[in-house]
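Please keep the viewer open as you read.

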Amino acid sequence: MACAPGILSFGLSVVLVVLAIVQPSSAQSRPTKTYVAHAAATLTDVPYYIAKEKGFYLQENLDVVSLFVQGRALSTQVLTAGSVDFSLAIGSGTRAALAGVPIKGIFVLNDKPFYVLYGRPDLGVQRAEDLKGKKIAVTGIGSMTELAARATVSHFGMNPDKDVTILAIGGGANVWSAIQSGAVEAAILWPPFDVIATKLGMKKILFVGDVISLPGGGVMAPEQVLKGNPDKAKRFLRATLRGMR
């Protein structure tokens, strides 16, 4: 049965319109670049790494790019400036949010920090009371490790501002180098440095998680992402949760 040219043309137009609606454009199907700031590669961020390695973010149409930013305070700054979409520096980020910075903690991976206070017996630190007058290495001022050191020293009945010297050294490798070289007598360590410290004969003074409950890992996001693109935040969290599970 023959069709009039006008009807055939109209039918073809309808088919093309339907296909355009049903099939996503290349721009829509292309994963969205998503930048995530880290201060360091830490055990608490393992769910993120798993989600990235297994492609969970790509399944949420997110092309996640990791950006290592020296110092957790700086991670918060780049997040606030809009240079990144998310940050894993939840400790310094939470404190900044409480101070009025327009960012929010939207996911917590654990509530006990994987920090351990270690001392050098050969430098006079075998017990908690030996910490008086000694130097304790942490990553930075305002960091979770500094908070852990202060809480631990206070737990032992000492004043963290007078009885010990808390030194901001830098990243985890720097903290480890400081106690290994003997530049400090004690340090806040975490895996794998705590395992190495034990093998080298350093003394475990206290597991910080026994003293305080802190978000040991999590996700921070700026309000501009939460308000401007809440779906992106949901997809990022959904993939991260799959990584944790």
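The report below goes through a loop residue, a strand residue and some helices.

Please bear in mind that this is a predicted model. Let us start with aspartate 85, which sits in the loop between helix H5 (72-80) and strand S3. Aspartate 85 counts as buried because its relative accessible area is 13%, under the 20% cut-off. Its neighbours in contact, leaving aside residues up to four places away in sequence, include Leu79, Met220, Ala221, Pro222 and Val225. The table gives two partners reached by the side chain of aspartate 85.

| Partner of aspartate 85 | Distance |
|---|---|
| Lysine 232, side chain | 3.1 Å |

Next comes phenylalanine 86, in strand S3 (residues 86-87). Phenylalanine 86 is buried, with a relative accessible area of 0%. Between phenylalanine 86 and isoleucine 106 there are 9.9 Å in space, C-alpha to C-alpha, and the two are 20 residues apart in sequence.

Helix H6 covers residues 90-98, and its buried residues include Ile90, Gly91, Ser92, Gly93 and Ala96. After H6 comes glycine 100, with a positive phi near 105 degrees.

How do helices H3 and H11 lie relative to each other? The axes of H3 (residues 46-53) and H11 (residues 230-244) are 7 Å apart and meet at an angle of about 105 degrees, so the two helices are roughly perpendicular. On the H3 side, Pro47, Tyr48, Ile50 and Ala51 take part, facing Phe236, Ala239, Thr240, Gly243 and Met244 of H11. The residues of this contact comprise seven nonpolar, two polar and no charged.

How values were computed:
Residues numbered from 1 in each chain as written. Predicted model: local features only at pLDDT ≥ 70, side-chain atom pairs only at ≥ 80, totals over all residues. Heavy atoms only, no water. Buried < 20%, exposed > 50% of the residue type's maximum accessible area, 1.4 Å probe, protein only. Helix = DSSP H or I, 4+ residues; strand = E, 2+ residues; numbered from the N terminus. Axes fitted to C-alpha atoms, helices over the stretch in contact; angles between N-to-C directions. Parallel < 35°, antiparallel > 145°, perpendicular 65-115°, else oblique. Contact = heavy atoms within 4.5 Å. Nonpolar A, V, L, I, M, F, W, Y, C, P; charged D, E, K, R; others polar. Polar contact = N/O pair within 3.5 Å; in protein donor to acceptor, adjacent residues only side chain to side chain.
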